[in-house]
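Me: Hi! I have a model open and would like to talk it through with you. Could you take a look?

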Amino acid sequence: MSVTGFTAGFAFAFLLTPVYGESPPPHDAEGLRQTIRSLQDRIERLEAVQSLRDVEQEHEELRPRFGLNLGVFGDLNASSTPRGQQRPAFGLGEVGLYSTARSGDRLTFLFEAAIEVDEDPTEFDLERYWVGYAFSDRLVVRAGRVHTAIGHWNRTYHHARYFFPTIDRPFVLAYDWVLPTHLVGVEFAGTLRRGPTSLQYELEIGNGPEIDTVNRALKVTGDVQDRARSKQAALRIVGRHAALPGLTVGLSGTTYAFDVPSLRESVIGMEVARSGARVEWIAEGWRLANPSAVAWAGYLQGAWKLREATAPFARFEWLETDAADPYLGALNAAVDRHQLIAGVRHDVDPLHSVVKAQYRRDSRADDHIRHMAELQWAFGF
Amino acid sequence: MVVLCLLAALAGAGGASAVRAEDLAVIVNAGGSLTSLTLPDVRALYLGERQFVGPEPVVVLHLPEGDVKAAFLSRAVGRTLKEYKLHWLQRVFQEGATLPTVVAGPEAMVGVVATRRNSVGYVPASLVRDTPDVKILFVVPSP
């Protein structure tokens, strides 16, 4: 027997364990021939199965893929005396539907819609809707409706309160209020790496927002057309260093203009955040400026894990304004406001459901201080 | 060739340096462009913070849930299994990220890495040796 044949036989001897179980493999030539034929049969059967899977894979690629991973998020709330109401109330939060799809390693799609059932009539809003192509980690291009790159919270947390460390967003980041939280346009994003340092950037160009003077709300225009005076641009840059795991430091800025009132608003933001195994904290601040006035807003938030599933949290938020600010005045927001919340979040199911309880102290310069107790049961499937 | 390298490892052939069975070897395709990755690079890939090396997408591979996967997540990625799942749940929702691929077991892991360029995986260090197809990037020792 040649060296090659001996080596092959030696190797096949070890492959024989699933064939012979506890029995020792044969060493005579006839036994080895039978074993080789048996293994050849197995290989042919496996190749047949694999070829069938290849064909099924081809057909699988032709089947529609939207909805294969359709998810839902929602929340149910109770509050003692919400601002604007006279008595304790239960409330249905948004029901969020989302789905993603992917083709190959580069083309992705995401869709997120929110059903606001406490509105009359019930509203169905398309919150995020984009298609993206990844050239590399340095450049991903997305087109559609995205969350504006104006800081950590707005880019990290979307409409699923299940993921929020607290019951709700910081009030300055409320939708349709003083900061444009959505944008319809094009986004260029990526991460640049050099040694232990990485720099993540997000550059967005889109239709400008407009002010709904009837409801005194900031609306994202251009889901269909751009009625704003000019396009909106936003840029966010976030730095990380390997020596400081979990810590991010970033800057952001955005600018947009209105016809009514006639002004250009510019927002500059700063963010610092750290997420660790036990403690998570976020600090964000914004300077909102137009030719007539400057306002300052921000929040400081901390959460820490007492046990595996339980995390107390606290947050202080502020909005310092000029009463004559035409931008904030048009949004009924030119009033100093401070808010303090403290509560606890507990995992009912680590991946699907949380309950939160919090105390909120809401202070507005034009109203008396409100003290509220709030409960939330948030979920995702 | 893959089977031979597994067999040689099991038989203790080749005079390879002794490593404890609990150690984990991070492996890549020897002919791909991942042969100089560091632990922080691997961590970023398994967290979805990085998807490419240069212009090429990376195939990130996992073992099924079990002690080996839990040990890898703890030592190399810095997450418990629950934290890891939550991280990816948020990542899928946040940016439509694709979950890493789960293979059947260590033998399948070595087989896939050997045949897929730009793939990265992990196996108990005792089950693998450097071969023309598979390169051990580094060993994550047991604590």
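Predicted model: local features only at pLDDT ≥ 70, side-chain atom pairs only at ≥ 80, totals over all residues.

Me: How many helices and strands does chain B have in its secondary structure?
Reply: Five helices and seven strands.

Me: And how much of chain B is buried?
Reply: Of its 143 residues, 50% count as buried. The accessible surface of chain B is about 6100 Å², with 58% of that belonging to carbon and sulfur atoms.

Me: What about contacts in chain B between residues 24 or more positions apart?
Reply: Those make up 75% of the chain B contacts with a separation of 6 or more. In chain A, the share for residues 24 or more positions apart is 50%.

Me: OK, over to chain A. What is its secondary structure?
Reply: Chain A has five helices and 18 strands. It has 381 residues, and buried ones make up 44% of them. Chain A exposes about 19700 Å², and carbon and sulfur atoms supply 61% of that.

Me: Which residues of chain A lose the most area to chain B?
Reply: Asp137(A), Phe163(A) and Leu351(A), which together account for 22% of what that side buries.

Me: Why give an area at all for an interface?
Reply: Because the size of an interface is often given as the accessible area lost when the parts come together.

Me: How many salt bridges are there between chain A and chain B?
Reply: The count is four. One of them pairs Lys82(B) with Glu308(A), where the closest N and O atoms are 3.5 Å apart. As for polar contacts, there are eleven residue pairs between the chains, both partners being at pLDDT 80 or more.

Me: I keep looking at Arg155(A). Where does it lie, and is it buried or exposed?
Reply: Arg155(A) lies in helix H4 of chain A. It counts as buried because its relative accessible area is 12%, under the 20% cut-off.

Me: What does the side chain of Arg155(A) make polar contacts with?
Reply: Its partners include the side chain of Glu202(A) at 3.2 Å and that of Glu204(A) at 3.1 Å. Leaving aside residues up to four places away in sequence, Arg155(A) also touches others, among them Arg142(A), Glu187(A), Arg236(A) and, from the other chain, Gln94(B).

Me: Changing topic: what is phi of Arg216(A)?
Reply: Near 55°, which is a positive value in a residue other than glycine. Arg216(A) lies in the loop between strand E8 (209-212) and strand E9 (217-220), and at 38% relative accessibility it counts as partly exposed.

Me: And Asn332(A), where is that found?
Reply: In the loop between helix H5 (326-330) and strand E16 (337-349) of chain A. Asn332(A) has a positive phi of about 55° although it is not a glycine, and it is partly exposed at 41% relative accessibility.

Conventions. Residues numbered from 1 in each chain as written. Chains lettered and ligands numbered in written order. Heavy atoms only, no water. Buried area = accessible area lost by both parts, 1.4 Å probe. Salt bridge = Lys/Arg side-chain N within 4 Å of Asp/Glu carboxyl O. Polar contact = N/O pair within 3.5 Å; in protein donor to acceptor, adjacent residues only side chain to side chain. Helix = DSSP H or I, 4+ residues; strand = E, 2+ residues; numbered from the N terminus. Buried < 20%, exposed > 50% of the residue type's maximum accessible area, 1.4 Å probe, protein only. Contact = heavy atoms within 4.5 Å. Areas by Shrake-Rupley, 256 points an atom, 1.4 Å probe, with all protein chains shown as cover.
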